[in-house]
Structure formats: C-alpha cells, structure tokens
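This report walks through one protein model. It covers surface patches, a hairpin, salt bridges and a few contacts across the chain.

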Amino acid sequence: MRIAALTSQAAVLLAAFSLTACASREMAQETGDPFEPANRAVFAVNQTLDDAVVGPSARVYDTVTPDPVQTGVRNFMSNLNQPVVFANALLQGDVHAAGDTVGRFVMNTTIGVAGVFDVATREGVPQHRRDFGQTLAVWGVGDGPYLVLPLIGPSNFRDATGRFVDRYPHPLNWSEEESGEAWAWGLRGLNGVQTRADLDSAIDSLNRTAIDPYVQARSAWRQSRSAFIETGTRSDPNYENLPEFE
C-alpha cells in the first residue's frame, strides 16, 4: 500500500512538473520571450551598471552641461547618423525621405557647422528616422524572440541584426583605423551619456513605479519600437509621446 501511495504521489508530482513546463513554454510563446531567464540576468547586470556608473555619470553631465550645449550634441549626433538614415530610406524604397535626408545632411554639415545647429529643420526640411531593423520589417522579416543585450538593453533578433548592419554606413566606421581611435570612442561615449541623460526621468519612473521593471521595460520598448516601425520618424507627434528604451 505504501509503495502504491508513493507511486501515486510521484505520478502527481510528475504531472504537476509537466503542466508547469507546458505553461512556461506557452507563456514564453505568448510573450515572445523564450530566453526570459537569461534576459533577466542580463537586465539585472545592466541595471547594476546603470545604478553604479551610467546613471550617475549622465546626471552629472546633465547638471553641468548647459541646455544649448546638450542640444548641439543631440544635433551633431543626429547629423552624423544621416548616412545610415539615407541608406535605409533607399533600401525601403522611400525616395522622398532619402532626398530629405541628403538635403538635411548637406545643409546642417555646412551651414549648421558639422550639424551642431539644426538649420534644416528651421528651413522646413523634415527629419526622418530609419534603421536596418526597420528595413527588415518593411521587407517582411519578423521580429523574432525578445533579447536584452549587454549595455544596449532591449532588442530582438531582427533589430540586433539591424544594429550590426547599421555600423557600416555610419561615418565613425568608414575607416577601420579611425574607428578605433580615442576620439571616435569619445564620440560614442558622449552619445551614450546624452541619450541616458535624456531618458533619466523615464527610467527613474519605471524603476520607482513598476511592479516588475523587466516586464514594464519590455512592454514599453515594444510599444516604442512598434511605433517607430510604423512611422519611421521622430517628427511624428504620436511617436514623440512614446517612451524609448534603447
């Protein structure tokens, strides 16, 4: 009798484990996050680095750097990214956006002093945002499983691939020798600090109010990314209101 009872209990436990495993797989399929344990581990490391180094550095930068200078940094970095936007606009078949982008790049690089001043916007030339992840989406490629990348943060298979491809048309990578120079890494670091400073209030709100910051960050990034895929431009007022976690 005892053996039968133990066998029955073992069967119940085995069934429970099987149901739990099935439920976990179904949940992973529903959330599009089959690598959630690994993603959560990377997310935790990213948060630790942000709390200890990146966040404090960004807040110091924001405190000591005047707003006009920060605007100039944003303009410069945006202008530096225009070859990426141009290449992807062409790949998406958006000739109008490609033409606008060339006009902005020439105008801001010359009259705008290497892009520090956004002359093109004042002259009515619209700004577009394009990247290769969006291009892949336009070509019908699915987003794939959700990923959290070290230091970079939320992504997915498609957009992680896009990030890699977008390195090539970016001016900082046109020359392999210059790409590794200290000044090039300095510009990348400056861009990262400025971006983190711009996102400080959104990240602080997420950390303070979210029951599960990981899930909230995943949801917010997907909403933001979905809007970007659809609009492709930061100038769209609906896109402006969405949080961005990149």
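In which helix does E178 lie? E178 lies in helix α9, residues 176–179. Helices here are DSSP runs of H or I with at least four residues, strands are DSSP runs of E with at least two, and both are numbered from the N terminus.

This is a predicted model, in which local features need pLDDT of at least 70, side-chain atom pairs count only at pLDDT 80 or more, and totals for chains, interfaces and linings use all residues. Residues are numbered from 1 along each chain as its sequence is written, and side-chain values use heavy atoms, with hydrogens and water left out.

**Surface patches**

E178 is partly exposed, at a relative accessible area of 45%. The classes are buried (under 20% relative accessible area), exposed (over 50%) and partly exposed (in between), with a 1.4 Å probe and protein chains only. Areas come from the Shrake-Rupley method with a 1.4 Å probe, and for residues only the protein chains shown count as cover.

E178 belongs to a surface patch of negative charge, together with E176, E177 and E181. Patch members have over 30% relative accessible area and no salt bridge; like charges are joined within 9 Å, and nonpolar side chains (Val, Leu, Ile, Met, Phe, Trp, Tyr) within 5 Å. Asp and Glu count as negative, Lys and Arg as positive, while His and the chain ends are not counted. The charge is placed at NZ of Lys, CZ of Arg, CG of Asp or CD of Glu.

V45, L49, L151 and I152 make up about 360 Å² of it. V45 and L151 are 106 residues apart along the chain, yet their C-alpha atoms are separated by 8.5 Å.

**The hairpin**

Three residues lie between the strands, and L151 takes a positive phi near 70°. Strand β1 (residues 146–149) and strand β2 (residues 153–156) pair in the antiparallel sense over four bridges. Pairing requires at least two DSSP bridges between two strands. V148 stands opposite P154. L147 has S155 as its bridge partner in β2.

Is β1 covered on one face or both? Both faces are covered: Y146 and V148 are buried on one side, L147 and L149 on the other.

P145 is in the loop between α7 (132–138) and β1. P145 is partly exposed, at 22% relative accessibility. From P145 to S155 is ten residues in sequence and 8.8 Å in space, C-alpha to C-alpha.

**Salt bridges**

The whole structure holds 14 salt bridges. The criterion is a side-chain nitrogen of Lys or Arg within 4 Å of a carboxyl oxygen of Asp or Glu. Side chains of opposite charge can pair when their charged atoms come close. Three of these pairs are tabulated below.

| Pair | N to O distance |
|---|---|
| R196 and D50 | 2.7 Å |
| D200 and R196 | 2.9 Å |
| D204 and R208 | 2.8 Å |

R196 forms a salt bridge with D50. This pair links distant parts of the chain, 146 residues apart: R196 is in helix α10 (residues 182–198) and D50 in helix α2. R196 counts as buried, at 7% relative accessibility. D50 counts as buried as well, at 14%. R196 also meets D200 in a salt bridge.

Why are D204 and R208 separated by about one helical turn? They are separated by about one turn because they are four residues apart in helix α11, residues 200–209. D204 is partly exposed at 37%, while R208 is exposed at 59%. Elsewhere, salt bridges with shared partners join D33, E36, R40, D212 and R218 into one network.

**A loop contact**

V113 is in the loop between α5 (95–110) and α6 (119–122). Its relative accessible area is 49%, so V113 is partly exposed. V113 and F76 are 37 residues apart along the chain, with 8.9 Å between their C-alpha atoms.
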